[in-house]
Amino acid sequence: MFIKKTFVALSSVATATIVIWSLGCAKMDMTTTTAPVNIIEGIFDTPLLIPTVLNPQNLVLEAKTTPATWLQGKISPNTQLFNGSLPVIRANQGDRVNIDLKNSLTEATNIHWHGMLIPALMDGHPKDIAAAGAQRNYNFAINQRAATTWFHPHPHMATGKQVFNGLAGMFIVNDAIETALNLPSGEREVPLVISDKRFNADGSLHYAPTMAEVMTGYFGDKSLINNVVAPFLNVKTRFYRFRAVNASNARIYDLALSNGANLIIIGNDGGLLEKPVSLTHALLSPGERLDILIDFSKMSVGTEAFLQSNANSIANHGATTFKMLKFKVNAAENETFSLPTTLSTITPISISDSKRNRAFALPAAHAMTGGAMHTGMHTINGKAYDMNRIDETVTAGDTEIWEIDNSVGDEPHPMHLHGVQFQVLEKTGGTIQPYEKGWKDTILIQKAEKVKIIVRFPTEKGVFLMHCHNLEHEDDGMMMNFEIK
Ligand code: C2O
Ligand code: CU
Ligand code: CU
């Protein structure tokens, strides 16, 4: 009896929600953008989690619902993690990767190796999934320069939920050129997996985007690094290397230090830049990576400084500045490292190599209004994603220029290509930042911007994706297949 009553109560709640939702859809006016959820700063009394580094030569990654403590004293039963934690994998150029994904979830999942140059069948396309209870093997060689890459599930229309619930990790590729630079290593090389999350009062994760949140993307009200809300890190008076990935569903960060000290950017998605660039702040949109040095040798013992996200018209959707990670300079140590003037060689892909130009129109604000349907409001060239449709066919090994046009859109879109690292040629209506030079796989395209990239496609055939890495936009259809033939 009791069970039956509970069931009835739940299903009437569900019905009520559906009714409200369809009313909301009919009435929604998308020209007035909803304010994003702001971050409520924590107290920075929990040490930053430093993940154990795994070797990918014979690794099992189990995707599993794992009760976890995100908020102190509260257990979140709906957390989904790889191996119960936040895995960081490290391998060398030339190594062979052999990883078994064990799907212990009650739904399909897979792993996409974001930033890796690997065969299409290993890439984690939404058609290549492991059903609930099944396994899937990933076996590939690492044929690329040193880089900070990452991985996450890519199941059809469920990427946003699974990444929000915790399924993600970092994959670091090393090579001889990078090693020769003697960059800070060991405890002074720190992965920063950045996210924002929202919780229910009982401490469980709350992922339930409304119609308006599908438009902006889903924001959390807690800022996390390496799955820890408001962490701190003790540092010595030396240089530290931070490999940052924005693993948030939608939030764009404008990274800065609270004391105004410089971020020394040495790399981005596809590895090292040509030269270090010192900046007071740098944007990091979902999917992108930044390899950052911070020089604590200029700060005295006892100093506290924060990594923060500055408020501006793009980051945080224009919301407030908030702190993300507290550094406590707690020990003096002699620094022997000196910043190299040159980091790597980046050969520009020549425009004259391009065989073809393609144009991609991102949705206009008005195109996403008034629809009664929840899905498919986000499109590329007017089309919402269809897993079985090939949208573009590219000749294997060809170089092309792709122009992605957000000039009539009213949302920023971090656009990402699988299977390649490209170069940014031009931003009409904007500036190519120094940290957007070199090799990229994800590029932020702001409102009113048109971005031209040059891409040398792989010689191996197969189907890859281009999509917006705002995961609500992606799950809502802002994705397309390109086939290399
Ligand atoms: Cu990290 Cu298809 O994306
Ligand atoms: Cu990717
Ligand atoms: Cu988008």
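This is a predicted model: local features need pLDDT of at least 70, side-chain atom pairs count only at pLDDT 80 or more; totals for chains, interfaces and linings use all residues.
View 1. Rings of Phe, Tyr and Trp (its six-membered ring) pair if their centres lie within 6.5 Å; planes under 30 degrees apart are stacked, over 60 edge-to-face, and the rest tilted. F239 and F337 are edge-to-face, with centres 5.0 Å apart and planes at 70°. F239 lies in strand β15 (residues 239-246), F337 in the loop between β22 (322-331) and β23 (354-361), 98 residues apart. Strands (E, at least two residues) are DSSP runs, numbered from the N terminus. Both F239 and F337 are buried, that is, under 20% relative accessible area (1.4 Å probe, protein chains only).

**View 2. W402 with F482.** This pair is edge-to-face too: 5.5 Å centre to centre, 85° between the planes. W402 belongs to strand β25 (residues 399-405) and F482 to strand β31 (residues 479-484), so the pair ties together parts 80 residues apart in sequence. W402 is buried at 0% relative accessibility. F482 is buried at 0% as well.

**View 3. The copper ion (ligand 3).** H413 (ND1), C468 (SG) and H473 (ND1) coordinate the ion at 2.0 to 2.1 Å. Donors are N, O and S atoms within 2.8 Å of the metal (3.2 Å for Na, K and Ca); water is not among the atoms, so sites may look incomplete. H413 sits in strand β26 (residues 413-417) and C468 in strand β30 (residues 462-468), 55 residues apart. H413 is buried, at 1% relative accessible area.

**Notes.** Residues are numbered from 1 along each chain, chains are lettered from A and ligands numbered from 1 as written. Local features need pLDDT of at least 70, side-chain atom pairs 80 or more, while totals for chains, interfaces and linings use all residues; side-chain values use heavy atoms, without hydrogens and water.

How values were computed. Helices (H or I, at least four residues) and strands (E, at least two) are DSSP runs, numbered from the N terminus. Buried means under 20% relative accessible area, exposed over 50%, partly exposed in between (1.4 Å probe, protein chains only).
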